[in-house]
Amino acid sequence: MENQYCKVGSVTPIAANRNMIHILEYQYQNFLDKASDINDARLVEFFEQKANKIKRVLENLV
């Protein structure tokens, strides 16, 4: 019997995707929208930090 390799749980690097800039822009805007809709200061800070990380990645790509 041959070994079989399962891809469950595997992660595809975002750099392998042709539309990575569009995906990152969508995620960036999504995190900013979530941050503006929430009243909890800790969650707002969390979503803003996520958005800033994505912004830095986008700036490095462009």
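A residue is called exposed here when its relative accessible area is over 50%, and buried when that area is under 20%. The model to which these terms are applied is a predicted one.

Helix α1 is a place to start. By the exposed criterion, His22, Tyr26, Ser36 and Asp37 of α1 are exposed. They lie on the other side of the helix from its buried residues, which are Leu24, Phe31 and Ala35. An α-helix has 3.6 residues a turn, so residues three or four places apart point the same way. As for its length, α1 has 18 residues, which should span 26 Å at 1.5 Å a residue; the end C-alpha atoms are 26 Å apart, in agreement with that figure.

What do the buried residues of α1 pack against? Their partner is α2. This second helix runs over residues 41-61, 21 residues in total. From its first C-alpha to its last it reaches 30 Å, close to the 30 Å expected at 1.5 Å a residue.

In α2 the buried residues are Val44, Phe47, Ala51, Ile54 and Leu58. Seen down the axis of α2, they fall within an arc of 100°, and therefore line one face of the helix. Ala41, Arg42 and Asn60 are exposed on the other side of α2. The buried residues of α2 pack in turn against α1, residues 20-37.

The geometry of the pair can be described next. The axes of α1 and α2 come within 8 Å and cross at roughly 155°. Angles over 145 degrees count as roughly antiparallel, and α1 and α2 are therefore roughly antiparallel to each other. Their crossing is left-handed. On the α1 side, the contact is made by Met20, Ile21, Leu24, Glu25, Gln27, Tyr28, Phe31, Leu32, Lys34 and Ala35. On the α2 side, the residues making the contact are Val44, Phe47, Glu48, Lys50, Ala51, Ile54, Lys55, Val57, Leu58 and Leu61.

The loop between α1 and α2 contains Ile38. Its relative accessibility is 27%, so Ile38 counts as partly exposed. Leaving aside neighbours within four places in sequence, Ile38 is in contact with Leu43, Val44 and Phe47. Val44 and Phe47 are among the buried residues of α2, and both also take part in the contact with α1.

How values were computed. Residues numbered from 1 in each chain as written. Predicted model: local features only at pLDDT ≥ 70, side-chain atom pairs only at ≥ 80, totals over all residues. Heavy atoms only, no water. Helix = DSSP H or I, 4+ residues; strand = E, 2+ residues; numbered from the N terminus. Expected span 1.5 Å × (residues − 1). Buried < 20%, exposed > 50% of the residue type's maximum accessible area, 1.4 Å probe, protein only. Arc of directions from axis to C-beta. Contact = heavy atoms within 4.5 Å. Axes fitted to C-alpha atoms, helices over the stretch in contact; angles between N-to-C directions. Parallel < 35°, antiparallel > 145°, perpendicular 65-115°, else oblique. Left-handed = near helix turned anticlockwise from the far one by under 90°.
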